[in-house]
Amino acid sequence: MDYEAFLAMKLDGLHAEGRYRVFAELERKAGSFPTAARYDGHGSADPTGQVTVWCSNDYLGMGQNAKVIAAMHQALDAFGAGAGGTRNISGTNHSHVLLERELADLHGKEAALLFTSGYVSNWTTLSTLGASIPDCVIISDAGNHASMIEGIRHSKAEKRIFRHNDWADLDRILSEYGPERPKIVAFESVYSMDGDITPLRQIVEVCEKNGAMTYLDEVHAVGMYGPRGGGIAEREGLMDRIDIIEGTLGKAFGVVGGYITGSAKLVDFIRSFASGFIFTTALPPHVAVGALASIRHLKWSNAERLAQRERVAKVRARLNSIGIPLIPNDSHIVPVMVGDAAKCKWISDLLLDRHGIYVQPINYPTVPKKTERLRITPTPLHSDADIDRLVGALSELWSQCALARAVA
Ligand SMILES: *Cc1c(COP(=O)(O)O)cnc(C)c1O
């Protein structure tokens, strides 16, 4: 086989469909986020300009929080660069244990377990449970993230899909299985592309009625919802009725890593049986320390959450006032609907090149075709002037593209 020719053919296919991914090469500037230097994408020495980042998942700017950075500096000097091994073989550091205790407390659970990312935590936990529990069926929301989908697939358990956020459909599927059949329902609290929030109470009640275990991905909610940043389940007072709550340390908490929380037995089981936990080097201790500082800060401080809400409301109101079509939702995510892959990419390119505004286009397969969009994530650190520039630039490009405006 001509391997190189095969790879080139597949890549050409992506180009032809207009969904070849191009990364913006950035240098985030601690102290002036959401500003970043932009480079040419090939590692040339000098930046090509400055951009305002409008699509970061560092939702609250915690990646440059002074307490977080100071804690990480101290830990790096005190403990060195890496963890020194897998958790089993010399890699369990004191800071990992402290962080797991903090996470368990955040979600009101007996225990927590760290992973190297949120992706790995979803993949590993669902694949291990699905493969271990005899005759298990996993029922998955149609909008679930790739990390859950892949984990479920790898488990080889029977898989069913319920209509997005539709608890009646979930109930119908669950009721096809007898009470003795093991069932896991996997879903998210905030869906990151539409920014919609799951009807958590109804889903939990349907699961309880049918004796299903619940697995909730709170990746886009931790740090931002609930009085202590425990997520939508905390806000709704439902944490104790969900079996497994999964989250990330890489989005609102501003660092990197993933985790699950649950009963002591559940966590001990995953710790003991999950390949994706056991056979990989633990997170560097200073990363754990940084995440710990971030979580503790957001447990007590509401300032970032309130400021984010105010910025989100302002961006929405301004875009609504000029008829830019948005998906309405109750979250911090502002999806601007373009509905055309080429135009979406074109607007994004011009925002970047002409206006110094970075919003990555979201195209198929991340979202369905004809729903291509710009996903805007306002942070507490975007200024009024930043918003003015964003709204002005979008208005201009919208007209140039002859895209329809919503009737106000
Ligand atoms: C980003 C994301 C993950 C993965 O988390 P990482 O820490 O970035 O690996 C999991 N679930 C959802 C819904 C996500 O958007």
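## Helix α1

At the start of α1, aspartate 2 places a side-chain oxygen within 3.4 Å of the backbone nitrogen of glutamate 4. The model is predicted, so local features need pLDDT of at least 70 and side-chain atom pairs pLDDT 80 or more, while totals for chains, interfaces and linings use all residues. Residues are numbered from 1 along each chain as its sequence is written, and side-chain values use heavy atoms, with hydrogens and water left out.

Helix α1 covers residues 3–16 (helices are DSSP runs of H or I, at least four residues, numbered from the N terminus). Its 14 residues should span 20 Å at 1.5 Å a residue, which agrees with end C-alpha atoms 20 Å apart; the expected span is 1.5 Å times one less than the number of residues.

## Helices α5 and α10

The axes of α5 (residues 118–132) and α10 (residues 264–273) cross at roughly 95 degrees and come within 10 Å. Axes are lines fitted to C-alpha atoms over the stretch in contact, with angles from 0 to 180 degrees between N-to-C directions. The two helices α5 and α10 are therefore roughly perpendicular (65 to 115 degrees).

Thr125, Thr128, Leu129 and Ser132 of α5 contact Leu266, Phe269, Ile270 and Phe273 of α10, contact meaning heavy atoms within 4.5 Å.

## Helices α2 and α12

Helix α2 (residues 66–79) packs against α12 (residues 285–300) at about 155 degrees, with axes 8 Å apart. That makes α2 roughly antiparallel to α12 (over 145 degrees).

Notes
Parallel < 35°, antiparallel > 145°, perpendicular 65-115°, else oblique. Polar contact = N/O pair within 3.5 Å; in protein donor to acceptor, adjacent residues only side chain to side chain.
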